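Thanks, everyone. I'll keep this brief. Please bring up the sequence and the model.

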Amino acid sequence: MSEPVIVANELVKRYGEFAAVDRISFEVAPGESFGLLGPNGAGKSTTMRMVGAVSTRTGGELSVLGLDPDRFGPEIRSQLGVVPQADNLDAELRVRENLLVYGRYFGLPRKLVAERADELLAFAQLEEKAKAKVDSLSGGMKRRLTIARALINDPRILLLDEPTTGLDPQARHILWDRLFRLKEQGTTLLLTTHYMDEAEQLCDRLVVVDKGTIMAEGTPAELIRRYSTREVLEVRFGSDRNSEVAARLSGLGDRLEVLPDRILVYSENGEAELVRLTDAGLHPITSLVRRSSLEDVFLRLTGRSLIE
Amino acid sequence: MTTLTGPRSDSARAIEAGRRSRTWGAWYVAEHRFRVMRSYTGTVVVAGIGSPLIYLYALGVGLATIVDANLGAGAVDGVSYLVFVAPALLASAAITVASEEFTYPIMLGYKWNPTFTGMHASPLQPAQIVDGVVISVVIRMLVNLVLFYALMLAFGAAPSPLGVFAILAGALGGLAFGTVIMAYTSTLEEDTGQLAMVMRFVVLPMTLFSGTFFPLSTFPVWLQWIGWVSPLWHSTELARVFSYGAAEPIWLTVVHVVVLVGLAVAGWMWARRIAVRRLRK
């Protein structure tokens, strides 16, 4: 394997007494798509800012493209593309102009920036909007423009902080498709998300982060295998009855998870569990058998669901 | 270098690519600001020509007729009222540009439409962002003042051959006031009316009490301190020295320059420090 492009070792970021990031270690290989999965406030964005060389670490070691972000901030940033959580496109400029001014920040010649701007507008499917005002774009279009802007310097690593938060399902799928193309072209992606489907779609490997520390690391499939069962049976008995019924379910499946609105039965065979349940004289209002997801991994690891 | 532990080509490429932004970063920010200003070129031109026309005409011609008729030509600081008031209006025009460009656009950049955050995600550094904004505003200010000065010449309001230096005096005043206001605005996490207060209780009184429309010496001594601490008074007096050779001791001229340069540098450095604090959390 070639040398990693990002190495974090016992990385710490403290704000006063509060440790937003508490000794996180991970490595990202070139061309890899690596995710930080966790709930809001887990320390994902803070980690991202340190890797993006815009926040100074309190402790530990960090190397991006072989350089220390504390000393080589501008140099590292010259090789990154950054898609922040909140759009910060310049609303006073038009769509294409946003790309033009941004390309210049990297010291690229105007002619090259103009060429790339046109290519990237095509990539982001925004050619017809080139002269539009930024404010007239939909949320999904703004995100795509932000991604196009992040690619203007042909970055080695693309950092994406919650890339699809706040987008409707269709816009998310368009965005995933674009990101998948980049991945295919060999761009290294580092992304944070609190959506397990997004992590499953885009990440080769990920870490589950909670309260500033890493809870688990692996490929999505590995994590599911290690921390969950193949299938999950979800049953609902009505909010007030769930906990009461749960007592009678012990012994069912490999493991039970009682949530306020539903009970999850972890098992290799969900249908079989459902049969056992009805044989025992229990009749849930609704039942559903599905494959385990990263949501289940997170629930297992932290005892909480991802989106609260 | 021992720090280059990673793949050589990556770090070498990064170091090469970072060089231009390290050197020219502030200019790239200025370029961006000019593009934004272009979207309100109309306002800049109208303000640049229209407002001096109105002021010069109303005060320098209208009001001057009464002043000169009552006090005789040469009664205010030894020159006609038009000649007396014109360099002060020029200096005020610089303050107006500064109070436009160093307040809301700064609030916008940090908070409302955080383009400064976007800039910092690129190779640009916080101090370069501040420098770039300052460069762009100074250039815009000079354009406005050159137009203003041209109109002064047309009105016959700048008799001295050194008059053109009044432009620099005015710009220096705008910069001195502007960088301090920029730094102050940078400290605001939210605008809950502070900027409007600045306009009402700093900019307006400053214009009235800085010897703009009548000499500071007309005031009782206990009010004159407003002028002494006002960058506008210092730049106005300096502009008068150049535009009609206003008589003042040389030490006072030096004081004007020292105060203005001092304020400009202090505000600038302060704004840079806040930029680092805000952008590198």
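This is a predicted model: local features need pLDDT of at least 70, side-chain atom pairs count only at pLDDT 80 or more; totals for chains, interfaces and linings use all residues.

Start with chain A overall. Its C-alpha trace spans about 75 × 45 × 40 Å along the principal axes. The chain holds 11 helices and 13 strands. Of its 308 residues, 51% are buried. Now take the contacts in chain A between residues at least 6 apart in sequence: 68% of them join residues at least 24 apart.

How is chain A divided? Into domain 1, residues 6-218, and domain 2, residues 229-291. The C-alpha centres of those two domains of chain A lie 39 Å apart.

Next, a sheet in chain A. Three strands make an open sheet, in the order 2-1-4, with antiparallel pairing. Which strands are at the edges? Strand 2, residues 18-28, and strand 4, residues 59-64, both of chain A; each pairs on one side only. From one strand to the next, the twist averages 25°. Strand 1 of chain A, residues 6-15, pairs with strand 4 of chain A over five bridges, in the antiparallel sense. For a specific pair, look at Val7(A): its bridge partner in strand 4 of chain A is Ser63(A). Helix 1 of chain A, residues 44-51, packs on this sheet. That helix touches strand 1, strand 2 and strand 4 of chain A. Its direction makes about 120° with that of strand 1 of chain A.

On to helix 5 of chain A, residues 139-150. It has 12 residues. First C-alpha to last, it reaches 17 Å, close to the 16 Å expected at 1.5 Å a residue. Which of its residues are buried? Arg143(A), Arg144(A), Leu145(A), Thr146(A), Ile147(A), Ala148(A), Arg149(A) and Ala150(A). Their cover includes strand 5 (80-83) and strand 6 (157-161) of chain A. It also includes helix 3 (95-105), helix 4 (110-123) and helix 6 (169-184) of chain A.

There is also a hairpin in chain A. Strand 11, residues 255-258, and strand 12, residues 263-267, pair in the antiparallel sense over four bridges. Four residues sit between these two strands of chain A. Leu256(A) stands opposite Val265(A) in strand 12 of chain A.

Now chain B, and one helix pair. The axes of helix 7 of chain B, residues 165-187, and helix 10 of chain B, residues 231-244, come within 8 Å and cross at roughly 175°. Over 145 degrees counts as roughly antiparallel, so that is what helix 7 and helix 10 of chain B are to each other. Helix 7 of chain B contributes residues including Phe165(B), Ala169(B), Leu172(B) and Phe177(B) to the contact. From helix 10 of chain B, the list includes Pro231(B), His234(B), Leu238(B) and Phe242(B).

Stay with Phe165(B) for a moment. Why does Phe165(B) count as partly exposed? Because it has 16 C-beta neighbours inside 10 Å; buried would take 20 or more.

Last, the two chains together. How many residues meet? 34 residues of chain A are in contact with 37 residues of chain B. On the chain A side, helix 2 (73-77) and helix 3 each supply at least two residues. Helix 3 of chain A gives the most to that side, with five residues.

That's my tour. Questions, please.

Key
Residues are numbered from 1 along each chain as its sequence is written. Chains are lettered from A and ligands numbered from 1 in the order in which they are written. Two strands pair if DSSP finds at least two bridges between them. Axes are lines fitted to C-alpha atoms, for helices over the stretch in contact, and angles run from 0 to 180 degrees between N-to-C directions. Two residues are in contact if their C-beta atoms, placed from the backbone, lie within 7 Å. The expected span of a helix is 1.5 Å times one less than its number of residues. A residue is buried if 20 or more other C-beta atoms lie within 10 Å of its own, exposed if 12 or fewer, and partly exposed in between; C-beta atoms are placed from the backbone. Domain bounds come from an automatic or database domain assignment. Angles under 35 degrees count as roughly parallel, over 145 as roughly antiparallel, 65 to 115 as roughly perpendicular and the rest as oblique.
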